Amino acid sequence: MLAAQCFERSGDVQKVFLTLTEKPIPSPGYAVVKILAAAGNELDFKVSFLSSSLMDVFRL
Amino acid sequence: MTGDWKIHYPFTLGFEFAGIVESFLMKDAEPTIAVGDNVCGVTSIDSRHGAFAEYILYPIDQLCRIPRGVSMKEAAGIGVAGLTAFQLLFTSVTITSKSKILILGATSVVGSLAIQLAKITGSWVSTTCNARSMKYVMQFGADEVMNDEEHEWAHPDKLTEFDVVIDARAEQDCYSQALERSIIYKDSVLAINATRVLDTQVDDPKSILLLSGLHPFTYNHIQLNHLLNLLAHGKLRIPIDRQFPFSEEGVRSLILYQQRKSFLGKNLLLFDYLATYHGSCSCGGITFEVVGRPQASLICHCSPCQKLLSGFFSSFCLYPCIDITKGQELIISYGSPLSLSRSHFFCRVCGSCLYMKHPGTDMMAILMFAFDDLPFCPTAHVNYSQRRLSIYDELPKSSEWLDQSQIVDRSN
């Protein structure tokens, strides 16, 4: 499946890649949901900015 | 939620989603969902499964079923902001119909939802925004809207009128700013997105309660279900600002747009198969949009349709809901004396009929020719026994309304 991930810095935010990742396999107690809409919030930017740096632990 | 967070790589962005259950495995209990259900949820930062992806793996008992009347876009956007506003008002404090509340920052999504939730409770609500946003903010029903730039609210005489003050302006040091102004708080102050938490001595710590952190809410699917039901009954409205496609550029643009903080409403990421279709009345005063394909596209031969539209039949698409994007104030409705369960919705300027509530379904029947282009073809005739004109085509013809199994089939 396609998933949006950040690995490189490019300007103000990390460069976003749509990468091929493994489609989830249902496990007991979990459902696989086909996403039709997603919403952005402030946390997306903060995570995208941090994700390619060495600081992969951050404090909220 | 506060603390140290470890990102697990590969990390997929996105926290709020709405979609369709494709498959699941139960543990012991009876399933509360079914394949094909429309659902939504909020994922956490310590999960590898983000929402900016085609699929997500999510705990069944935490999923919320999206009620009829709530769009995928609304369901995707209500989670974080809705729960934050709900918990500020009903968990951190308990507001009542006698409460007087000041909500700073009505243009934020949390602020706009907090205003509406407080008004549902019956509280008296004052709020602030800049001069440019006054008209936008008025729609959320606050009893008083003050210009934030004039700092009228910050005067101690004004501030002490309130029982609760909520700072939803997303400023990093709102609490410290408040202290610098030597403001006396009567009851409590709640602030979201504040990072400097109680780092200044307060004379009466019991009088001030401050929430902090980037992500201060706790995910609670029961509370989210409650918010979805409020949306379904038209008691709550979530503003939507921009919609971006699910692509590399789309995700990057969404993240950059979020950073600007000048937006009004939630910003969404839509997937290709969730196309948006637009329509309008004849004069253009009213515009609307719907998401995805209709539940059915029908030609109706019933007598009320003939009378009300002055034609042999009506043709419409069935949708769970319709988003009016412009001209809400121009819409007038007419309930037909021929049927108590029927209403038609017109433009008061040009008289165009855009959609109706049709007997036999609780969905919106949007007239096909109200769409700006005609993206769908009829798939069946209904109420054909009342026809005044026989139609010789290959479409199935039902003498009455369709049964439910035919409604849920997506039409082409």
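Biologist: Leaving aside neighbours within four places in sequence, which residues is Leu224(B) in contact with?

Modeller: This is a predicted model. In it, Leu224(B) is in contact with Cys40(B), Gly41(B), Cys64(B), Ile78(B), Gly79(B), Leu83(B) and Tyr219(B). Contact here means heavy atoms within 4.5 Å.

Biologist: What makes the set around Leu224(B) a nonpolar core?

Modeller: A core needs buried residues of the nonpolar kinds, joined through side-chain atoms within 4.5 Å. The largest such core has 84 residues. Leu224(B) is among those that touch the most other members, as are Phe52(B) and Ile78(B). Helix α1 of chain B, residues 72–92, gives the most to this core, with eleven residues. A second, separate core of 38 residues includes Leu330(B) and Phe371(B).

Biologist: How do you know that β14(B) and β17(B) pair?

Modeller: Pairing takes at least two bridges. These strands have three, in the antiparallel sense.

Biologist: Why are β13 and β17 of chain B called edge strands?

Modeller: The open sheet runs β13-β14-β17 in chain B. β13 and β17 each have a single partner strand, so one side of each is left without a neighbour in the sheet. Neighbouring strands are turned by 30° against each other on average, direction ignored.

Biologist: What does β17(B) give to the lining of the largest pocket?

Modeller: The largest share, four residues. The lining has 39 residues, and Asp323(B) is one of those nearest the centre, along with Arg237(B) and Gln328(B). About 1400 Å³ of space lies in this pocket.

Notes
Residues numbered from 1 in each chain as written. Chains lettered and ligands numbered in written order. Predicted model: local features only at pLDDT ≥ 70, side-chain atom pairs only at ≥ 80, totals over all residues. Heavy atoms only, no water. Helix = DSSP H or I, 4+ residues; strand = E, 2+ residues; numbered from the N terminus. Axes fitted to C-alpha atoms, helices over the stretch in contact; angles between N-to-C directions. Buried < 20%, exposed > 50% of the residue type's maximum accessible area, 1.4 Å probe, protein only. 1 Å grid on protein atoms, 1.4 Å probe; cavity = no way out; pocket = protein on both sides within 12 Å on 5 of 7 lines; lining within 4 Å. Points joined across faces, edges and corners; volume = space filled by probe spheres on them.
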